[in-house]
Amino acid sequence: MDDMRLALLLNAVSPAVGGVLVRGEKGTAKSTAVRALAAVLPPVAVVAGCRFGCDPAAPDPDCPDGPHLTDSPAPQRPARLVELPVGASEDRLVGSLDIERALTEGVKSFEPGLLAAAHRGVLYVDEVNLLHDHLVDLLLDAAALGRAYVEREGVSVQHAARFLLVGTMNPEEGELRPQLLDRFGLTVEVAAPREPELRAEVVRRRFAADADPAGFSARWDVEETALADRIAEARERLPRVVLGDDALRQVTAVCAAFEVDGLRADIVTARAAIAHAAWSGRETVTEDDVRVAARLALPHRRRRNPFDAPGLDPDTLEQALDDARPEEPEDDPTPPEGDGGGRPEETGESAGETPPGREGTGSDADSTEAPPSAGDPVPPRGEADDTDGDTALPVPAPERAAVDPGEAFRARRLEVPGIGEGVAGRRSKARSDRGRVVGSRRPEGAVTRLHLVDTVVAAAPHQRARGRSGPGLRLQKEDLRQATLEGREGNLVLFVVDASGSMGSADRMAAVKGAVLSLLVDAYQRRDKVGLVTFRGSGAELALPPTWSVEAAAARLTGLPTGGRSPVAAGLLRAHETLRVEAVRDPRRRPLLVLVTDGRATGARGVDHLGEARRAAGLLRAAGTAGVVVDCEAGHVRLGLAGDLGAHLGARTLRLDELGAEQLVRTVKDAA
Ligand SMILES: [Zn+2]
């Protein structure tokens, strides 16, 4: 059985294991497997009419639909699979309080969200690494507490929300914040099957399912029933499974060998081992259970850098198991560990040191079953086929080997002018659902953020007409004002980097790379998407299509060879095309073009290269593309060609040494 199915099944047997994160490229049928799991979960009994899924045996005392009578009718329903779309609103996730009714009628009316729907079922987040930061926080809180809290304008509601969290992600598109990573009990890596025969089988099944859904599911029903029975048996066996001293010693030895952080790893590994024993029909945890559990519970808890290979080193695992293996088998296992299927203990690690988070945002979630890489903008054939490979430039051999980037520094914030409406981030100004209040308007739908002062002001003139005599404002629906908030959005930062020979010495190129690397780090912290176009020799290339993975961008940049002529126009046209495609995929995300060049356009004789570059710049300007030119001109004689290009782009031109954040401070002081 493959790891993914096994990990899901272990959670089905013991929800205390704490969920599964599935890492892998697109088109690996991740969501199909998750749906298949939900179908075999045992049904749950629910208090009739309760929208919050109360268990009749132990109804939630705070249930908004409660209190429930102990002898309420309790029909059974299948365990739910609830999908959280990455672009979901806060209200959609936690539910919404009807502020209108609260204020005008004095009624507390609550519409349950996805957390309520997922209670006692599965909460599935496809592309969890693209989930909005704010949603991640809400999700972590709910997962940690097993409850959801909603508070608006002083009215609050809470309800139970215990769910099996299953997430999928494509690591190429950016990593998960460590606290969120730790929240998943198990992780598995999946890859599309490489063998043609296996691939063909997947496709065949898919066609079969599409062509004859009923017949297909009938065939699978038999298997499902068997699986559901086995899960039920394993659940029933679970409380009797014994984790002996020896097995426990092996669990802790393995966790120590992989230098995992915190005790949570030991707890999850132990629980997964117990679940595996129950699943395998045993009542004692064996070394094999520990081995399987470690393989699933530890990979994401190791301290590692983004370039480390995924998974666990099997030799280290075997060595650790071996070292902790007892000399003589003992006949005296310790009493069972209490593991009855409650929530995992909290280890209090959810706050604390956070490297710049990167959960990205949701506007470009692609559907799961897309074929590999179908989510990327498709450049003309043959030009960017190597986005997964390690070489970035096509045919012409580099005239100069790639130089390593120079030292990175804290970059100043470059922003897109105007006010956008993109998903939250930390770069350019934007209307958003978070941020500071800048005004109010009449609500288009339900009020989500009340602007109290403006509401009172709107209601005040009507008080006499409404017959108010004593204290207490008489509010009506038309008085309500929605606050408008201004925060910041993330952007798409598209780097267009001149890698031609005119860019100067190796030292100079190192400085250029160091500067772009600094801007990349900055983009990561500001939750931007990044892309990289390079040009040199005979043309331009989309070295990295827009992605969340700043690591990938940094790797492409570091390996970028330089030399040859300088086809600036080709670079700008390539950028223009890339942005056009991206605007279709992710229309709300405003782009920022960062052109890094000395502006010396060169190429074949008899062509006005400078003129072509200016025309290409004009095209971008006409499309309303915001940009910055980073002038890399070196030497005593300055031509100022980059500034000229900047003018045609309608963009500011900055010198390389003006990119640092400190530089900004100094300039401001000089001006004062
Ligand atoms: Zn209830």
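A residue counts as buried when its relative accessible area is under 20%, and as exposed when that area is over 50%. The exercises below concern a predicted model.

**Exercise 1.** Determine whether cysteine 255 is buried or exposed.

*Solution.* Step 1: the relative accessible area of cysteine 255 is 2%. Step 2: the cut-off for buried is under 20%. Step 3: cysteine 255 is therefore buried.

**Exercise 2.** Identify the protein donors of the zinc ion and describe their spacing along the chain.

*Solution.* Step 1: the donors are Cys50 through SG, Cys54 through SG, Cys63 through SG and His68 through NE2. Step 2: these atoms lie 2.1 to 2.3 Å from the zinc ion. Step 3: along the chain, the donors follow the spacing C-x3-C-x8-C-x4-H.

**Exercise 3.** Explain why the arrangement around the zinc ion is called tetrahedral.

*Solution.* Step 1: four donors count as tetrahedral if all angles lie between 85 and 135 degrees. Step 2: the four donor atoms subtend angles of 107 to 114°, and the arrangement is therefore tetrahedral.

**Exercise 4.** Describe how helix 18 and helix 19 pack.

*Solution.* Step 1: helix 18 spans residues 609-622 and helix 19 spans residues 641-649. Step 2: their axes are 7 Å apart, at an angle of about 35°. Step 3: the crossing is right-handed. Step 4: the contact involves residues including Leu610 and Ala613 of helix 18, and Leu641 and Asp644 of helix 19.

Definitions and conventions
Residues are numbered from 1 along each chain as its sequence is written. This is a predicted model: local features need pLDDT of at least 70, side-chain atom pairs count only at pLDDT 80 or more; totals for chains, interfaces and linings use all residues. Side-chain values use heavy atoms; hydrogens and water are left out. Buried means under 20% relative accessible area, exposed over 50%, partly exposed in between (1.4 Å probe, protein chains only). Donors are N, O and S atoms within 2.8 Å of the metal (3.2 Å for Na, K and Ca); water is not among the atoms, so sites may look incomplete. Four donors count as tetrahedral if all angles lie between 85 and 135 degrees; four count as square planar and six as octahedral if opposite donors are over 155 degrees apart and all others between 65 and 115; anything else is irregular. Axes are lines fitted to C-alpha atoms, for helices over the stretch in contact, and angles run from 0 to 180 degrees between N-to-C directions. Helices (H or I, at least four residues) and strands (E, at least two) are DSSP runs, numbered from the N terminus. A crossing is left-handed if the near helix is turned anticlockwise from the far one by less than a right angle, and right-handed if clockwise. Contact means heavy atoms within 4.5 Å.
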